Amino acid sequence: MKRNVLPGLPLSLGITLFYVGLIVVLPLAALVFKAASLGPAEYWAIVSSPRAVASYRVTVLSALVATAFNLVFGLALAWVLVRYRFPGRRIVDAIVDLPFALPTAVAGIALTTLFASNGWFGSLLAPLGIKVAYTPLGIMVAMCFTSLPFIVRTVQPVLEDLDPALEEAAQSLGGSDRAIFLRVILPLLMPALLAGLSLSFARSLGEFGAIIFIAGNQPMETEITALLAFIRLEEYDYQAAAAIASVLLITAFLMLAATNLLQARALRYTARS
């Protein structure tokens with residue numbers, strides 16, 4: 001007789017829905033309800049104010065740059081961890097998960113210490129005229145640090161499960177290393193890569209603790225949207241905070257929806273191949 005580890009469907013489904021509703025749906029519903037309490041004109045005036053628009057620009061552009069960097073470096077790191085064996089590999093593999101375990105505020109303080117003008121890295125970059133701390137570049141560095149594991153950990157299992165026979169067949173047909181990667185390996189990695197990119201971008205959009213210490217938080221220059229929403233909360237302007245936060249929420253949902261669509265197309269391409 002087959003036994004199920006989990007209890008029956010009604011109980012399992014009820015517990016799952018209760019958990020999702022309490023932890024995910026309820027806070028989002030409260031945010032939407034608070035933002036919806038504003039009239040259309042008032043809502044638009046808040047989310048389209050010059051300071052808010054400047055924070056969108058800083059946040060989105062920094063998130064895009066950080067995601068693009070993580071695409072290249074994260075894919076390379078996952079490739080090295082899967083395809084090569086070297087001393088200290090397990091240590092490097094463990095360090096990848098450090099941003100998950102490290103409080104983001106601690107990460108922000110550590111990055112600020114390292115990239116300040118008198119820090120280990122900042123003192124080396126200062127003679128080159130490169131300033132990281134308290135600039136938009138510092139925001140990008142913090143976003144890269146906190147969102148890198150999403151790409152590595154989504155791509156790494158797929159790389160481990162790739163059938164070596166596919167690459168061997170391509171090599172036997174005279175394919176170069178570049179052609180094998182672009183035409184054989186990359187299409188198989190694309191669904192996982194898209195998932196990692198969307199998670200990395202969404203995490204960068206909502207990052208707060210690691211950024212506020214290194215950004216400088218200058219309005220119109222280095223102020224991110226999450227910080228602006230927090231400032232409105234500190235001013236007890238809950239409706240404005242909810243309106244600004246709803247912009248991030250809508251952006252994240254649109255990003256995830258677009259990614260799911262691209263993933264579905266990539267999976268259909270992979271299935272046909």
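## The largest pocket

The largest pocket comes in at about 380 Å³, and keep in mind that this is a predicted model. Its lining takes in 21 residues, with Phe-73, Ile-95, Pro-99, Phe-145 and Leu-148 lying nearest the centre. Two or more lining residues come from each of helix H3 (50-83), helix H4 (89-96), helix H5 (98-101), helix H6 (104-115) and helix H8 (136-161).

What is the lining made of, in terms of nonpolar, polar and charged residues? It splits into 20 nonpolar and 1 polar, with no charged residues.

## Nonpolar cores

The largest nonpolar core has 21 residues, and Ile-139, Ala-142, Met-143, Ile-211 and Ile-224 touch the most other members.

Zooming in on Ile-224, and skipping residues up to four places away in sequence, its contacts are Ser-55, Val-58, Thr-59, Ile-139, Glu-207, Phe-208 and Ile-211.

## Helix H12

Helix H12 covers residues 225-234, and its buried residues are Thr-225, Ala-226, Leu-227, Leu-228, Ala-229 and Arg-232. After H12 comes Tyr-236, with a positive phi near 60°.

## Annotated segments

An unreviewed UniProt entry puts "transmembrane region" features at residues 12-36, 56-82, 94-121, 133-152, 180-201 and 240-262. In the model, residues 12-36 are 100% helix and 0% strand, with the end C-alpha atoms 33 Å apart. Residues 240-262 are likewise 100% helix and 0% strand, and there the end C-alpha atoms are 34 Å apart.

Terms used. Residues are numbered from 1 along each chain as its sequence is written. This is a predicted model: local features need pLDDT of at least 70, side-chain atom pairs count only at pLDDT 80 or more; totals for chains, interfaces and linings use all residues. Side-chain values use heavy atoms; hydrogens and water are left out. On a 1 Å grid over the protein atoms alone, a cavity is a set of points where a 1.4 Å probe fits but cannot get out, and a pocket is an open set with protein on both sides within 12 Å along at least five of seven lines; lining residues have an atom within 4 Å of a point. Grid points are joined across faces, edges and corners, and a volume is the space filled by probe spheres set on the points. Helices (H or I, at least four residues) and strands (E, at least two) are DSSP runs, numbered from the N terminus. Ala, Val, Leu, Ile, Met, Phe, Trp, Tyr, Cys and Pro count as nonpolar, Asp, Glu, Lys and Arg as charged, and the others, Gly among them, as polar. Buried means under 20% relative accessible area, exposed over 50%, partly exposed in between (1.4 Å probe, protein chains only). UniProt positions are given in the numbering used here, feature names are shortened, and annotations may be inferred rather than shown by experiment. A nonpolar core is a set of buried Ala, Val, Leu, Ile, Met, Phe, Trp, Tyr and Cys residues joined through side-chain atoms within 4.5 Å. Contact means heavy atoms within 4.5 Å.
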